[in-house]
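Please take a look at the structure below.

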Amino acid sequence: MHVVIHSSGTKAMTGKRAGVLRFTGLVVAAWVLGGVWATHFILADRDKSVRGSEAPSQIPIPTAGTTKIASASPLSPGMSQRVQPPDGTKPPLEPDMVEIPGGSFRMGCVSGRECQGDEHPVHTVRIGRFELSKYEVTFEEYDRFTVATGRERTEDEGWGRGRRPVIHVSWEDTVAYARWLSEQTGKRYRLPSEAEWEYAARAGTETKYHFGNDESQLCDYANHWDNSIGSGAPYYEFRNRSCSDGVGARTAIVGSYRANAYGLHDMHGNVWEWVQDCWNGSYRGAPADGSAWESGDCSDRILRGGSWYGGPGVLRSAIRIWSATRNRINLNGFRVARTITP
Ligand SMILES: [Ca+2]
Ligand SMILES: [Ca+2]
(Lines give C-alpha, C1' and ligand atoms only; values in the text may rest on other atoms or scores of the structure.)
(Ligands and ions follow the chains in the order given, each with its own letter.)
Protein backbone atom coordinates (compact mmCIF):
# COMPACT_ATOMS: atom_id res chain seq x y z
CA MET A 1 0.00 0.00 0.00
CA HIS A 2 1.09 3.46 -0.56
CA VAL A 3 -0.11 6.57 1.14
CA VAL A 4 -0.17 10.03 -0.25
CA ILE A 5 -1.15 12.97 1.79
CA HIS A 6 -3.60 15.43 0.37
CA SER A 7 -2.72 19.09 0.44
CA SER A 8 -5.64 19.63 2.75
CA GLY A 9 -4.43 16.83 4.93
CA THR A 10 -7.72 15.01 4.58
CA LYS A 11 -7.33 12.70 1.64
CA ALA A 12 -4.98 10.08 0.40
CA MET A 13 -5.02 7.12 -1.86
CA THR A 14 -3.89 3.58 -1.96
CA GLY A 15 -2.66 1.34 -4.73
CA LYS A 16 -2.96 -2.33 -5.39
CA ARG A 17 0.68 -3.08 -5.26
CA ALA A 18 3.35 -0.97 -3.87
CA GLY A 19 6.58 0.39 -5.12
CA VAL A 20 8.41 3.32 -3.83
CA LEU A 21 8.01 6.97 -4.58
CA ARG A 22 8.78 8.98 -1.54
CA PHE A 23 8.47 12.58 -0.67
CA THR A 24 10.08 13.98 2.40
CA GLY A 25 7.94 13.71 5.45
CA LEU A 26 4.73 13.94 3.48
CA VAL A 27 4.50 11.07 1.09
CA VAL A 28 5.43 7.73 2.49
CA ALA A 29 5.27 5.90 -0.77
CA ALA A 30 3.21 6.01 -3.91
CA TRP A 31 2.68 3.75 -6.79
CA VAL A 32 0.78 0.80 -8.06
CA LEU A 33 1.41 -2.28 -10.08
CA GLY A 34 -1.58 -3.44 -12.06
CA GLY A 35 -3.69 -0.50 -11.15
CA VAL A 36 -3.62 3.17 -10.83
CA TRP A 37 -1.06 5.36 -9.29
CA ALA A 38 -1.88 8.88 -8.46
CA THR A 39 -1.17 11.55 -6.01
CA HIS A 40 -2.39 15.00 -5.87
CA PHE A 41 0.91 15.87 -4.44
CA ILE A 42 1.81 15.44 -8.05
CA LEU A 43 -1.24 17.39 -9.09
CA ALA A 44 -1.24 20.17 -6.61
CA ASP A 45 1.70 20.50 -4.35
CA ARG A 46 2.92 19.51 -1.01
CA ASP A 47 1.43 21.47 1.79
CA LYS A 48 3.56 22.04 4.79
CA SER A 49 0.44 22.08 6.91
CA VAL A 50 0.13 18.34 6.64
CA ARG A 51 3.44 17.69 8.28
CA GLY A 52 3.17 16.08 11.63
CA SER A 53 0.20 14.46 13.17
CA GLU A 54 -2.54 14.77 10.60
CA ALA A 55 -3.42 11.29 9.47
CA PRO A 56 -4.50 10.91 5.88
CA SER A 57 -7.76 9.32 4.97
CA GLN A 58 -8.30 7.55 1.70
CA ILE A 59 -10.15 8.32 -1.47
CA PRO A 60 -11.01 5.97 -4.31
CA ILE A 61 -8.91 5.93 -7.41
CA PRO A 62 -10.37 5.73 -10.90
CA THR A 63 -9.08 2.78 -12.85
CA ALA A 64 -10.33 2.89 -16.41
CA GLY A 65 -9.87 4.62 -19.71
CA THR A 66 -7.79 7.66 -20.31
CA THR A 67 -8.15 8.71 -16.72
CA LYS A 68 -5.83 5.91 -15.76
CA ILE A 69 -2.86 7.46 -14.12
CA ALA A 70 -0.29 4.74 -14.24
CA SER A 71 -0.21 1.10 -14.91
CA ALA A 72 1.93 -1.82 -14.11
CA SER A 73 5.29 -2.02 -15.64
CA PRO A 74 7.03 -4.02 -16.83
CA LEU A 75 4.62 -6.85 -16.21
CA SER A 76 1.88 -6.32 -18.78
CA PRO A 77 1.79 -9.20 -21.25
CA GLY A 78 1.92 -7.00 -24.32
CA MET A 79 5.05 -5.31 -23.21
CA SER A 80 7.33 -8.14 -24.18
CA GLN A 81 6.70 -7.53 -27.86
CA ARG A 82 9.48 -6.21 -29.97
CA VAL A 83 9.02 -3.00 -31.82
CA GLN A 84 9.00 -3.44 -35.56
CA PRO A 85 11.08 -0.97 -37.53
CA PRO A 86 8.86 1.83 -38.78
CA ASP A 87 7.81 1.75 -42.40
CA GLY A 88 9.15 4.34 -44.75
CA THR A 89 11.13 7.13 -43.23
CA LYS A 90 13.09 6.38 -40.15
CA PRO A 91 13.45 8.90 -37.39
CA PRO A 92 16.84 10.40 -36.68
CA LEU A 93 18.83 8.39 -34.23
CA GLU A 94 20.00 11.40 -32.29
CA PRO A 95 17.78 13.88 -30.49
CA ASP A 96 17.89 17.54 -31.49
CA MET A 97 20.33 19.21 -29.14
CA VAL A 98 20.55 22.79 -27.93
CA GLU A 99 23.77 24.32 -26.67
CA ILE A 100 23.36 25.78 -23.22
CA PRO A 101 25.89 28.52 -22.44
CA GLY A 102 27.87 28.28 -19.23
CA GLY A 103 27.22 30.59 -16.33
CA SER A 104 26.20 30.80 -12.70
CA PHE A 105 22.74 30.76 -11.18
CA ARG A 106 20.95 30.52 -7.90
CA MET A 107 19.50 27.04 -7.58
CA GLY A 108 16.48 26.22 -5.47
CA CYS A 109 13.64 28.21 -4.02
CA VAL A 110 14.43 31.66 -5.32
CA SER A 111 10.93 32.71 -6.30
CA GLY A 112 9.61 32.56 -2.77
CA ARG A 113 6.38 31.11 -4.09
CA GLU A 114 5.07 27.75 -2.92
CA CYS A 115 8.57 26.56 -2.18
CA GLN A 116 9.26 23.30 -0.38
CA GLY A 117 11.84 22.44 2.21
CA ASP A 118 13.92 20.32 -0.10
CA GLU A 119 14.40 23.32 -2.38
CA HIS A 120 16.61 24.93 0.26
CA PRO A 121 19.12 26.25 0.85
CA VAL A 122 19.34 28.41 -2.24
CA HIS A 123 22.90 28.09 -3.44
CA THR A 124 24.96 29.39 -6.31
CA VAL A 125 26.04 26.85 -8.89
CA ARG A 126 28.47 27.35 -11.72
CA ILE A 127 27.53 25.50 -14.88
CA GLY A 128 29.86 24.74 -17.75
CA ARG A 129 28.73 24.80 -21.35
CA PHE A 130 26.82 21.69 -22.33
CA GLU A 131 24.08 20.51 -24.62
CA LEU A 132 20.58 19.42 -23.73
CA SER A 133 17.96 17.83 -25.93
CA LYS A 134 15.44 20.30 -27.22
CA TYR A 135 12.61 17.90 -26.43
CA GLU A 136 11.92 15.04 -24.11
CA VAL A 137 13.18 11.78 -25.64
CA THR A 138 10.43 10.44 -27.87
CA PHE A 139 9.11 6.97 -28.56
CA GLU A 140 10.54 7.04 -32.06
CA GLU A 141 13.97 7.69 -30.63
CA TYR A 142 13.65 5.28 -27.75
CA ASP A 143 12.11 2.50 -29.84
CA ARG A 144 15.24 2.43 -31.97
CA PHE A 145 17.11 1.56 -28.79
CA THR A 146 14.76 -1.19 -27.68
CA VAL A 147 14.71 -2.79 -31.11
CA ALA A 148 18.48 -2.66 -31.45
CA THR A 149 19.14 -4.08 -28.01
CA GLY A 150 16.26 -6.52 -27.67
CA ARG A 151 14.83 -4.75 -24.69
CA GLU A 152 11.16 -4.95 -23.98
CA ARG A 153 8.76 -2.68 -25.77
CA THR A 154 7.80 0.31 -23.69
CA GLU A 155 4.11 0.76 -23.03
CA ASP A 156 2.40 3.83 -24.51
CA GLU A 157 -1.01 3.68 -22.79
CA GLY A 158 -2.66 3.67 -26.21
CA TRP A 159 -1.86 7.36 -26.60
CA GLY A 160 0.40 6.75 -29.56
CA ARG A 161 4.15 6.64 -30.06
CA GLY A 162 6.10 8.63 -32.64
CA ARG A 163 6.81 12.10 -31.33
CA ARG A 164 5.18 11.62 -27.98
CA PRO A 165 7.62 11.50 -25.08
CA VAL A 166 8.56 8.00 -24.07
CA ILE A 167 6.96 6.98 -20.77
CA HIS A 168 7.27 3.97 -18.49
CA VAL A 169 11.02 4.30 -18.46
CA SER A 170 12.95 3.76 -15.27
CA TRP A 171 16.04 5.71 -14.31
CA GLU A 172 18.02 2.59 -15.15
CA ASP A 173 16.43 2.49 -18.60
CA THR A 174 17.37 6.08 -19.28
CA VAL A 175 20.98 5.53 -18.31
CA ALA A 176 21.12 2.47 -20.55
CA TYR A 177 19.65 4.47 -23.42
CA ALA A 178 22.24 7.23 -23.05
CA ARG A 179 25.02 4.68 -22.91
CA TRP A 180 23.74 2.97 -26.04
CA LEU A 181 23.34 6.27 -27.87
CA SER A 182 26.89 7.20 -26.94
CA GLU A 183 28.20 3.90 -28.20
CA GLN A 184 26.31 4.27 -31.46
CA THR A 185 27.41 7.82 -32.15
CA GLY A 186 30.77 8.21 -30.45
CA LYS A 187 29.40 11.22 -28.59
CA ARG A 188 28.98 11.61 -24.88
CA TYR A 189 25.28 11.39 -24.13
CA ARG A 190 24.16 11.20 -20.52
CA LEU A 191 21.44 12.40 -18.22
CA PRO A 192 21.75 16.03 -17.17
CA SER A 193 22.73 16.73 -13.60
CA GLU A 194 19.96 18.20 -11.49
CA ALA A 195 21.78 21.54 -11.47
CA GLU A 196 22.16 21.53 -15.23
CA TRP A 197 18.49 20.73 -15.59
CA GLU A 198 17.34 23.60 -13.39
CA TYR A 199 19.82 26.02 -14.95
CA ALA A 200 18.54 25.11 -18.41
CA ALA A 201 14.90 25.27 -17.33
CA ARG A 202 15.25 28.68 -15.73
CA ALA A 203 17.15 30.12 -18.67
CA GLY A 204 18.24 33.08 -16.61
CA THR A 205 14.99 33.55 -14.71
CA GLU A 206 14.30 33.41 -10.99
CA THR A 207 10.54 33.38 -11.31
CA LYS A 208 8.24 30.50 -10.51
CA TYR A 209 8.20 29.44 -14.16
CA HIS A 210 10.66 30.34 -16.90
CA PHE A 211 8.11 32.73 -18.39
CA GLY A 212 7.12 34.43 -15.13
CA ASN A 213 4.65 33.73 -12.37
CA ASP A 214 1.30 33.81 -14.15
CA GLU A 215 -0.41 30.43 -13.99
CA SER A 216 -2.80 31.40 -16.77
CA GLN A 217 0.18 31.42 -19.16
CA LEU A 218 1.08 27.84 -18.33
CA CYS A 219 -1.22 26.61 -21.07
CA ASP A 220 1.02 28.30 -23.65
CA TYR A 221 4.09 26.52 -22.32
CA ALA A 222 3.10 23.23 -20.76
CA ASN A 223 0.85 20.25 -21.09
CA HIS A 224 -0.45 19.87 -17.55
CA TRP A 225 -3.55 19.26 -15.44
CA ASP A 226 -5.69 22.09 -16.76
CA ASN A 227 -9.27 22.73 -17.86
CA SER A 228 -8.76 20.46 -20.90
CA ILE A 229 -8.92 17.32 -18.78
CA GLY A 230 -12.71 17.39 -18.59
CA SER A 231 -14.91 17.33 -15.54
CA GLY A 232 -14.86 13.53 -15.33
CA ALA A 233 -11.13 13.37 -14.73
CA PRO A 234 -9.78 12.32 -11.37
CA TYR A 235 -8.73 15.10 -9.09
CA TYR A 236 -10.45 17.59 -11.34
CA GLU A 237 -10.39 20.05 -8.49
CA PHE A 238 -6.61 20.24 -8.65
CA ARG A 239 -6.46 21.38 -12.26
CA ASN A 240 -5.20 24.74 -13.32
CA ARG A 241 -8.53 26.54 -13.52
CA SER A 242 -7.18 29.57 -15.33
CA CYS A 243 -6.65 28.15 -18.82
CA SER A 244 -6.94 25.21 -21.25
CA ASP A 245 -3.85 23.78 -22.91
CA GLY A 246 -5.80 21.65 -25.38
CA VAL A 247 -4.59 18.23 -24.23
CA GLY A 248 -6.49 16.12 -21.75
CA ALA A 249 -5.25 13.42 -19.42
CA ARG A 250 -2.30 12.22 -21.49
CA THR A 251 1.02 13.26 -22.94
CA ALA A 252 1.29 15.73 -25.80
CA ILE A 253 3.55 15.50 -28.84
CA VAL A 254 6.83 17.09 -27.84
CA GLY A 255 7.32 20.69 -28.86
CA SER A 256 3.60 21.44 -28.97
CA TYR A 257 4.04 24.34 -26.60
CA ARG A 258 6.26 27.39 -26.51
CA ALA A 259 9.94 27.02 -25.70
CA ASN A 260 11.93 28.80 -23.03
CA ALA A 261 14.62 31.36 -23.77
CA TYR A 262 17.13 28.59 -24.57
CA GLY A 263 14.78 27.03 -27.09
CA LEU A 264 13.93 24.07 -24.87
CA HIS A 265 10.37 22.74 -24.96
CA ASP A 266 8.34 21.07 -22.24
CA MET A 267 10.68 21.90 -19.38
CA HIS A 268 7.40 22.49 -17.55
CA GLY A 269 4.97 19.59 -17.80
CA ASN A 270 4.31 16.76 -20.26
CA VAL A 271 6.53 14.23 -18.47
CA TRP A 272 8.65 14.40 -15.35
CA GLU A 273 12.29 14.13 -16.36
CA TRP A 274 14.83 11.89 -14.69
CA VAL A 275 18.17 13.49 -13.87
CA GLN A 276 21.40 11.86 -12.81
CA ASP A 277 21.51 12.82 -9.14
CA CYS A 278 20.92 10.69 -6.08
CA TRP A 279 18.21 11.88 -3.74
CA ASN A 280 19.15 14.26 -0.94
CA GLY A 281 16.48 15.95 1.12
CA SER A 282 18.09 19.36 1.02
CA TYR A 283 20.76 21.19 -0.95
CA ARG A 284 23.06 21.33 2.05
CA GLY A 285 26.36 19.99 0.77
CA ALA A 286 25.28 19.95 -2.87
CA PRO A 287 27.96 20.32 -5.55
CA ALA A 288 28.55 23.89 -6.68
CA ASP A 289 30.20 23.03 -9.99
CA GLY A 290 27.20 21.71 -11.87
CA SER A 291 28.14 18.08 -11.48
CA ALA A 292 25.63 15.45 -10.41
CA TRP A 293 25.39 14.66 -6.71
CA GLU A 294 26.41 11.04 -6.64
CA SER A 295 26.09 10.47 -2.92
CA GLY A 296 23.07 10.29 -0.67
CA ASP A 297 20.18 7.94 -1.26
CA CYS A 298 21.25 6.57 -4.62
CA SER A 299 18.51 3.95 -4.79
CA ASP A 300 16.26 6.93 -5.43
CA ARG A 301 16.90 9.41 -8.22
CA ILE A 302 15.38 12.78 -8.94
CA LEU A 303 12.73 13.90 -11.41
CA ARG A 304 12.08 17.48 -12.44
CA GLY A 305 9.56 19.72 -14.16
CA GLY A 306 6.12 18.23 -13.52
CA SER A 307 3.96 16.31 -15.95
CA TRP A 308 0.67 16.12 -17.84
CA TYR A 309 -0.74 15.05 -14.49
CA GLY A 310 0.42 18.02 -12.52
CA GLY A 311 -1.10 21.25 -11.37
CA PRO A 312 0.63 24.62 -11.30
CA GLY A 313 2.40 24.01 -8.00
CA VAL A 314 4.41 21.08 -9.28
CA LEU A 315 5.32 22.65 -12.59
CA ARG A 316 7.58 25.17 -10.91
CA SER A 317 11.21 25.41 -12.03
CA ALA A 318 12.40 24.52 -8.52
CA ILE A 319 10.17 21.52 -7.77
CA ARG A 320 11.90 18.22 -7.05
CA ILE A 321 10.55 14.74 -6.54
CA TRP A 322 12.22 11.39 -6.39
CA SER A 323 11.53 7.81 -7.25
CA ALA A 324 13.20 4.44 -6.99
CA THR A 325 15.55 3.79 -9.87
CA ARG A 326 13.52 0.85 -11.18
CA ASN A 327 10.11 2.51 -11.18
CA ARG A 328 8.35 2.81 -14.49
CA ILE A 329 5.18 4.89 -14.58
CA ASN A 330 3.34 6.86 -17.21
CA LEU A 331 4.27 10.23 -15.75
CA ASN A 332 7.99 9.84 -16.16
CA GLY A 333 10.32 10.31 -19.10
CA PHE A 334 13.61 12.10 -19.65
CA ARG A 335 15.79 14.16 -21.90
CA VAL A 336 19.46 13.71 -22.56
CA ALA A 337 22.44 15.97 -22.13
CA ARG A 338 25.64 15.85 -24.12
CA THR A 339 29.04 16.84 -22.92
CA ILE A 340 30.75 19.23 -25.27
CA THR A 341 34.17 17.91 -26.03
CA PRO A 342 36.70 20.73 -26.32
CA1 LIG B 1 -3.25 19.27 -20.36
CA1 LIG C 1 8.89 17.83 -19.12
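## The model

This is a predicted model. Every value below is computed from it.

## The open sheet

Four strands form an open sheet in the order E1-E4-E10-E5. Their pairing is antiparallel. Strands E1 (97–100) and E5 (189–190) stand at the edges. Each has a single partner strand, so one side of each is left without a neighbour in the sheet.

E1 pairs with strand E4 (residues 130–133). The sense is antiparallel, and the pairing runs over four bridges. Within this pair, Ile100 stands opposite Phe130 in E4.

## Helix H2

Helix H2 covers residues 139–149. Its buried residues are Phe139, Glu141, Tyr142, Asp143, Arg144, Phe145 and Thr146.

The buried residues of H2 pack against helix H3 (171–185). Just after H2 comes Gly150, with a positive phi of about 75°.

## The nonpolar core

The largest nonpolar core holds 63 residues. Leu191, Ala200 and Val336 touch the most other members. Helix H4 (residues 194–202) gives the most to this core, with five residues.

What does Leu191 touch, not counting residues up to four places away in sequence? Its contacts are Thr174, Val175, Ala178, Trp274, Val275, Gln276, Phe334, Val336 and Ala337. One of these, Val336, is itself among the core residues that touch the most other members.

Terms used. Residues are numbered from 1 along each chain as its sequence is written. Chains are lettered from A and ligands numbered from 1 in the order in which they are written. This is a predicted model: local features need pLDDT of at least 70, side-chain atom pairs count only at pLDDT 80 or more; totals for chains, interfaces and linings use all residues. A residue is buried if 20 or more other C-beta atoms lie within 10 Å of its own, exposed if 12 or fewer, and partly exposed in between; C-beta atoms are placed from the backbone. Helices (H or I, at least four residues) and strands (E, at least two) are DSSP runs, numbered from the N terminus. Two residues are in contact if their C-beta atoms, placed from the backbone, lie within 7 Å. A nonpolar core is a set of buried Ala, Val, Leu, Ile, Met, Phe, Trp, Tyr and Cys residues joined through C-beta atoms within 7 Å. Two strands pair if DSSP finds at least two bridges between them.
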